[in-house]
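User: Please take me through the charged pairs and the contact between the chains, giving the criterion behind each term.

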Amino acid sequence: MTDNAAVKPTTRISKVWVLPIIALLIGAWMVYYQWQNQGPLITIDMSSASGIEVNKTPIKIRDLDVGQVKKIELKPELDGVTVTARLEKSAARLLNENTRFWVVAPRVSFSEVSGLNTLLSGSFIAMTAETGQTEKDHFTALERPPVTPPGTPGLHVELRSDSDDLTYKPGDTIIYKGFKVGEFEEVHFDVEQGRITYRAFIHAPYHNLIDENTRFWNVSGVKLQLASNGLTIQTGSLETLLANGVTFGNPQGDTKGKPIDNNAKFVIYGDYNAAADERFRYAAQYVLLIDESVRGLTVGAPVEYRGLQIGKVATINSSNVDLGSLLDDEYPIPVLINIYPGKARLEDSEEGLAILRERLGRWIRKDLRATLRMGNVITGGLFVDLQHVDQPEPASLLTLNNANVIPTVSSEFTQLTQKADAILDKINALPLETLIADITTVIDTLNAAAESVNETSDNFDETMAALDTASLNTQIQQSLQAFEGLLQHYSEGGLSKAEIADTVDSLQETLRTIQPLLMQLNKTPNGLIFSDNAEIDIQPQAQEQDQ
Amino acid sequence: MNKWIAGIAVLWLAGCSSKPIGLNYYLLHEPTLTTDAPSTDISDQPTLFLRSLSTPDYLRQRNLSLQLSDSEIHFAPKHVWAEPFDRDFKMAISESLSVNHKMRLRVQSRWTNPAQPEYILDIQLDDFIPTYHGKLILKGKFRLESDGSLPQIVQFNYWLPLNKDGFAFSVSQMRLLVDELTNDVVTRVEASR
């Protein structure tokens, strides 16, 4: 039992450390592997962090997760937030100057409804997959999703509105023959020029429809136009009925132009007619000096010759024409009109313009006169009618502000108005109150007369009802029989007409015979008893011989 | 006594009674003025239709009249027409036409002959009276009308002197003036044929 334990020095590392060392190596490898394979860390400036959560909100390309938000912090300028996100390594190559980020959230507007799937899954940050030249790790997010998905085939155009009333917003549609072929993407307001320009996108293959002669015009909502040529209702598609929109095309009669490049500039006109008129490049300007009211005459009102439009009103009471003050006596209102050679079936060129001016100048000296006529009774819209009048007052070709003056004649409507005013004055001068009182009296009298007639009619009805018709018929029959008997007696042996005449003659003769007797009795009442037989018998005497 | 009273009354009434007036009756037409033939067919004779005859009122009296001054007329109480003057005047004209001119006077519508031309005569007598100047005057107008010609209106004024006194001679002269009137009418009828 004396075995002594052999003591040996512990110079070797304990085997217990093997496991921790292995674990450490594995951990180091894992760290290295993680570091080696992690994606880039980027920062994105946004206006707000609405719907974004740290370690939850993903970053997607075409709905594929490529990263995650790691941190959100307020910007030092306090005008937004900076979102820090980690992307996958495979997405690192997509980070360049063309990369765009935006927040996808539920969005409802007149023109679109999008992002509804994020109601349940939550918002996410979308990014474009664009190639570029320069790597970049700091970005500024878009305020709203880009209207046109990146990479969509088509053509960008730059549009400009010619009217302050025409305003569009991103997402408004561009239609062609009822089809939606494009959208407004961006709106820019040029402060210096005071006008709005739009960047729009036309999808392929419709971009092939656009050339240098293409015109864009407004088709927003429902357009009611009560003009001198009547009521016009224009609508586009259902989308343009609810929101704004434009359409395009080559106006009738215009030729196809050359193809355009990307970002070509166009003007948006108010309607098709305005766009169609724009194809005429040459116009002759004339001035009308109107002595009467121009109420109802609008800029753009047609100028017609023999019922066909050859021009339109450019300005009314232009300040460029100095004719004095409107308050001056006999101040003529200058109306500037444009007459297009192209609309007069002349060549739309300098030569056609010269022919038009020469022809109109000759007609003005002869008998061409302008008249304001009513084109629409409902709206009272006026248009300018050029016509040849009989026996016009002599006129020379005057020039005002480099524009020839077309003499005017009073319109028929004005003459009619003057006559109507005269008639109304006469009607006003009528003693209507006295007349109405008299008429009321007459009506009362007529009512009384009508009541009297009704009463008489009722009495007559009662009398007729009380009349014994059978007894009356019997009496009439008896009377007729008696009259028949009298006629029969008269025809058989009664006094004839000749006998009656003889009897009357005898009676008259008798009266004549006794007339002297009556006269004698009147003279001497006792003459019948004491007649004067000694009366002298006077007879005609023979003519004396000496006479 | 009663006999005396009755006798005095008879004498009184006898004394008061008047003797009858003696009247003289005259005819303007002349019954003795006839043709010799007992009867004559006058159907073919030209006819005058006396459509109307108007006379002054003093001629319609039975008493014959006499003009005593410019303004006074006298109806003879003892000299009367035997029949109404109008009828007597028509008969006088008829007799004058028939005897002197072989013409027929029609005074009634039934005495027509459509085969013969007929003239329509209207006579208006203004005066037919002996005057205090010893004249007998016949004044008036007649209107003569025939088919196919314009009517003639003639004013006549005939007169004859009275060579004897009395209505008898005056009536005989009246017949002559009636003849003169018929002569005038017939002359104008023949001139118009």
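**Salt bridges and the interface**

Analyst: The count of salt bridges between chain A and chain B is zero, a salt bridge being a side-chain nitrogen of Lys or Arg within 4 Å of a carboxyl oxygen of Asp or Glu. This is a predicted model, in which local features need pLDDT of at least 70 and side-chain atom pairs count only at pLDDT 80 or more, while totals for chains, interfaces and linings use all residues. Residues are numbered from 1 along each chain as its sequence is written, chains are lettered from A in the order in which they are written, and side-chain values use heavy atoms, without hydrogens and water.

User: How do you know that chain A and chain B are in contact?

Analyst: Contact means heavy atoms within 4.5 Å; 19 residues of chain A are in contact with 27 residues of chain B.

User: Why is the pair K75(A) and D79(A) called a salt bridge?

Analyst: The closest N and O atoms of K75(A) and D79(A) are 3.5 Å apart, and the cut-off is 4 Å, so the pair qualifies.

User: Is K75(A) buried or exposed?

Analyst: K75(A) has 15% relative accessibility and therefore counts as buried, the classes being buried under 20% relative accessible area, exposed over 50% and partly exposed in between (1.4 Å probe, protein chains only).

User: What makes R60(B) partly exposed?

Analyst: The relative accessible area of R60(B) is 32%, so R60(B) is partly exposed. The side chain of R60(B) meets that of D57(B) in a salt bridge, at 3.9 Å from N to O.
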